Amino acid sequence: MKAITLLGSTGSIGTQTLDIVAQYPDQFRIVGLAAGNNVDLLASQIRQFRPSIVAICSQEKLPELKEAIKDVAPQPILMAGDAGVIEVARYGDAQTVVTGIVGCAGLLPTIAAIEAGKDIALANKETLIAGGPVVLPLIKKHGVKLLPADSEHSAIFQCLQGLPDGGLRRILLTASGGAFRDWAVEKLAEVTVADAIKHPNWSMGRKITVDSATLMNKGLEVIEAHFLFGLDYENIEIVIHPQSIIHSLIELQDTSVLAQLGWPDMHLPLLYALSWPDRIYTNWERLDLVKIGSLSFCEPDHQKYPCMKLAYAAGRAGGSMPAVLNAANEQAVALFLEEKIQFLDIPRCIEWVCDRHERDNRANPSLDDILTADKWARQEVLKATQQLENHSRIISLR
């Protein structure tokens with residue numbers, strides 16, 4: 001039985017991971033849980049899975065959580081705040097830590113888990129995008145495994161099993177096209193928050209769904225794939241695949257192409273990250289190609305999705321630039337979700353911040369450099385939004 005700690009237990013990744021643990025109680029057990037501020041759901045998870053340690057990010061919610069589980073025996077160790085989440089990440093005999101915390105907030109807990117000798121089931125792409133120059137050496141130093149748990153990188157990882165060294169030639173990341181794949185570019189000025197969080201295929205959190213609508217999620221995945229699989233950016237491509245059945249593909253040196261297919265459901269990549277190198281039998285719905293009927297592909301529209309080029313440029317710049325890109329995107333998306341900026345302002349803010357960082361980009365950043373760049377980028381986005389006129393466009397930024 002594999003011991004697991006779960007960071008971000010009340011989010012989309014967290015609840016689906018716990019679905020798997022509940023379905024396979026003879027395979028997995030929960031050691032620790034960390035969550036945001038959803039006390040009711042976290043209390044329910046504590047009752048069902050009986051973790052040894054629990055952290056809630058919101059310090060103010062800790063008394064409420066204590067009250068909600070006062071009759072649970074034995075009582076878990078209860079902690080709060082960022083320090084509490086880090087302590088959960090490194091605690092006890094957990095073999096694998098699932099990193100389901102959204103955004104750069106997952107970086108420090110992931111590092112703590114690595115330094116404690118835990119394998120990482122990586123569902124938080126920002127860990128590598130922002131912290132790749134620091135995280136990869138730590139993975140090597142501590143001899144732990146980094147297993148991708150999001151659908152695209154899991155697909156690539158699955159296709160690579162048994163491939164000889166040097167066999168990989170190209171990666172093809174598939175993208176659904178998000179909420180606006182069928183919209184004309186001219187209509188994007190009218191986008192509302194409600195429009196942007198309606199993903200056609202996947203059930204995800206609000207921030208990630210907006211990233212899918214801008215295709216920044218795919219740009220971020222390009223950077224993550226570079227760190228995970230070691231290919232140059234020229235050999236990592238994006239293709240629009242509206243059905244979301246092929247989760248990604250690899251091309252081998254002899255031009256043979258391998259793909260991983262499945263329904264658009266995060267349970268499968270999460271299960272594989274938890275069970276690797278084994279394959280666990282499931283009673284889930286099996287893929288029916290006749291039911292699907294056809295699969296289609298097209299080239300992404302760079303005019304509609306400017307965030308892709310921004311991500312490629314940041315990845316190629318390297319150093320602390322990907323951390324700045326990621327932080328600027330997180331801040332801009334948060335402002336959009338709060339209806340403080342427009343949808344088209346997201347890439348404008350990101351581009352402005354990345355341009356301003358170019359002269360200060362650190363080629364070999366330390367962890368402190370990355371955290372400083374992250375904080376700076378968020379503040380710069382706020383400065384950019386102060387120059388919005390009628391909350392519709394950014395002016396006088398250069």
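This is a predicted model: local features need pLDDT of at least 70, side-chain atom pairs count only at pLDDT 80 or more; totals for chains, interfaces and linings use all residues.

**Strand β6**

β6 covers residues 119-122. Strands (E, at least two residues) and helices (H or I, at least four) are DSSP runs, numbered from the N terminus. Both faces of β6 are covered. D119 and A121 are buried on one side, I120 and L122 on the other. Buried means under 20% relative accessible area with a 1.4 Å probe, protein chains only.

β6 pairs in the parallel sense with β5 (96-99) over four bridges. V97 has I120 as its bridge partner. With β7 (146-148), β6 pairs in the parallel sense over three bridges. Pairing requires at least two DSSP bridges between the strands.

**Pockets and cavity**

Points lie on a 1 Å grid over the protein atoms alone; in a cavity a 1.4 Å probe fits but cannot get out, while a pocket is an open set with protein on both sides within 12 Å along at least five of seven lines, and lining residues have an atom within 4 Å of a point. Grid points are joined across faces, edges and corners, and volume is the space filled by probe spheres set on the points.

| Space | Volume |
|---|---|
| Largest pocket | about 940 Å³ |
| Second largest pocket | about 460 Å³ |
| Largest cavity | about 50 Å³ |

The largest pocket is lined by 47 residues, with S12, I13, V102, G205 and I208 closest to its centre. Helix α9 gives the most to this lining, five residues. Domain 1 (2-148) and domain 2 (154-264) both contribute to the lining of the largest pocket, so it lies between them. The domain bounds come from an automatic or database assignment.

The second largest pocket has 18 lining residues; L268, T282, W284, E285 and R286 lie nearest its centre. Helix α11 (267-275) gives the most to that lining, five residues.

The whole structure has one cavity of 30 Å³ or more. Among the residues lining the largest cavity are S151, H247 and W263.

Key:
Residues are numbered from 1 along each chain as its sequence is written. Side-chain values use heavy atoms; hydrogens and water are left out. Buried means under 20% relative accessible area, exposed over 50%, partly exposed in between (1.4 Å probe, protein chains only).
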